[in-house]
Amino acid sequence: MMLIVGKGGEGKSRIGLVLKRLMGDAASNGSVQKVENNRFARADLERRLLMIDDDMDMNALPKTNYIKTIVTAEAKLDLERKGVQSYQRDIYARFLCFGNGALTSLYDHSDGFFRRQLILTTKDKPADRTDDPFLVEKMCAELEGILLWCLEGLHRLVQNDFRFTVSPKAAANVDTIKRSSNNVIDFMESEATSASRRTTPSAPRSSTTFISSGARTTPATAYRRFVSAQSCARTTAATTLKPPTTSTCPVAAGCVVSWASSRLSTPVRKKCIFSRKKFVQPVRSVLVRTCTAN
């Protein structure tokens with residue numbers, strides 16, 4: 001199964017039109033998605049040597065068993081037509097698909113599905129290129145030369161035991177599609193890289209690392225601990241009413257008493273704390289201010 005993938009406008013469909021002229025009724029137009037999902041579509045491949053999917057559907061296949069069986073071509077396939085009892089035939093049709101993306105599967109991420117694909121990519125369309133609407137007719141005028149070219153490739157394929165020569169670029173395309181359809185591969189590789197980095201010892205950096213009680217603490221953690229300690233200190237001072245025991249001037253004690261009395265006489269905003277649906281009584285917070293004489 002050969003897939004020719006491009007971004008669009010490169011002229012991929014011209015190849016299918018020329019092959020249809022060359023092979024006649026031995027080639028048919030169809031859809032890979034329809035062959036796999038529609039039970040009557042597989043009967044259209046009978047007595048066909050090539051099926052051309054001009055614009056491949058990008059949706060992932062829910063199952064791949066029929067396509068793999070057709071590509072392997074080692075067993076008879078069960079065919080079904082409307083109003084006719086199902087029967088079995090040998091299917092020799094090959095798939096030639098054109099599209100803007102590769103063929104993927106929803107559940108089958110095995111190597112058996114991807115190794116049946118030969119993925120070729122096209123060059124980008126030049127910005128200054130002018131499309132020729134009669135390109136197919138010009139190429140069909142050279143059908144005799146194209147047929148000789150096909151026969152030469154067939155002889156080379158027979159000498160290679162019917163194995164296609166896969167270029168490094170085509171192999172890289174299959175690997176890229178396999179990774180994009182299965183994120184577990186990249187995840188496992190990233191985890192292996194992270195594990196190797198964790199096992200590698202690194203030198204301590206005194207400028208950015210603090211050592212406290214034998215544990216390594218980052219500057220951000222130390223700052224959060226400092227802010228938390230300051231917040232606890234402010235909360236303790238706010239909820240404790242304790243007048244100063246010593247004073248530097250005789251007026252200081254009077255200032256403290258008058259200020260505390262004015263604060264207690266004014267209404268204080270109530271703070272309600274709910275914990276596990278239990279109501280806690282409001283807490284009055286009074287700040288004690290100490291006056292010093294000039």
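Analyst: The account below begins with the whole model, turns to the sheet, and then takes up some individual residues.

This is a predicted model, in which local features need pLDDT of at least 70 and side-chain atom pairs count only at pLDDT 80 or more, while totals for chains, interfaces and linings use all residues. Residues are numbered from 1 along each chain as its sequence is written, and side-chain values use heavy atoms, with hydrogens and water left out.

The protein has 10 helices and 11 strands. Both are DSSP runs numbered from the N terminus: helices are H or I with at least four residues, and strands are E with at least two. Of its 294 residues, 25% count as buried; buried means under 20% relative accessible area, exposed means over 50%, and partly exposed is in between (1.4 Å probe, protein chains only). A contact means heavy atoms within 4.5 Å. Among contacts between residues at least 6 apart in sequence, 69% join residues at least 24 apart.

The sheet itself is open and consists of 5 strands in the order 2-3-6-1-7, with parallel pairing. Two strands pair if DSSP finds at least two bridges between them. Strand 2 (27-29) and strand 7 (118-121) each have a single partner strand, so these two stand at the edges and one side of each is left without a neighbour in the sheet. From one strand to the next the twist averages 20°; axes are lines fitted to C-alpha atoms, for helices over the stretch in contact, and angles run from 0 to 180 degrees between N-to-C directions.

Strand 1 (residues 2-5) pairs with strand 6 (residues 94-99) in the parallel sense over 4 bridges. Within this pairing, M2 has L96 as its bridge partner, and V5 stands opposite G99. Strand 1 is also joined to strand 7 by 4 bridges, and these two strands run parallel. There, V5 has T121 as its bridge partner.

Helix 1 (residues 12-23) contains K12. Leaving aside neighbours within four places in sequence, K12 is in contact with I4, V5, G6, F98, G99, N100 and T122. K12 counts as buried because its relative accessibility is 10%. The side chain of K12 also makes a polar contact with the side chain of E10 at 3.0 Å. A polar contact is a pair of N or O atoms within 3.5 Å; within protein, one must be able to donate a hydrogen and the other to accept it, and residues adjacent in sequence count only if both atoms are side-chain atoms.

Aromatic rings form a further topic. Rings of Phe, Tyr and Trp (its six-membered ring) pair if their centres lie within 6.5 Å; planes under 30 degrees apart count as stacked, over 60 as edge-to-face and the rest as tilted. By this rule the count comes to 1 aromatic pair. The pair is edge-to-face because the rings of F113 and F114 have their planes at 70°, with centres 5.2 Å apart. F113 counts as buried, at 2% relative accessibility, and F114 is likewise buried at 2%.

Charges sit over two rings as well: the charged end of R42 is over the ring of Y66, 3.6 Å from its centre, and that of K82 is over the ring of F40, 5.6 Å from its centre. The rule requires NZ of Lys or CZ of Arg within 6 Å of the ring centre and within 35 degrees of the ring normal.
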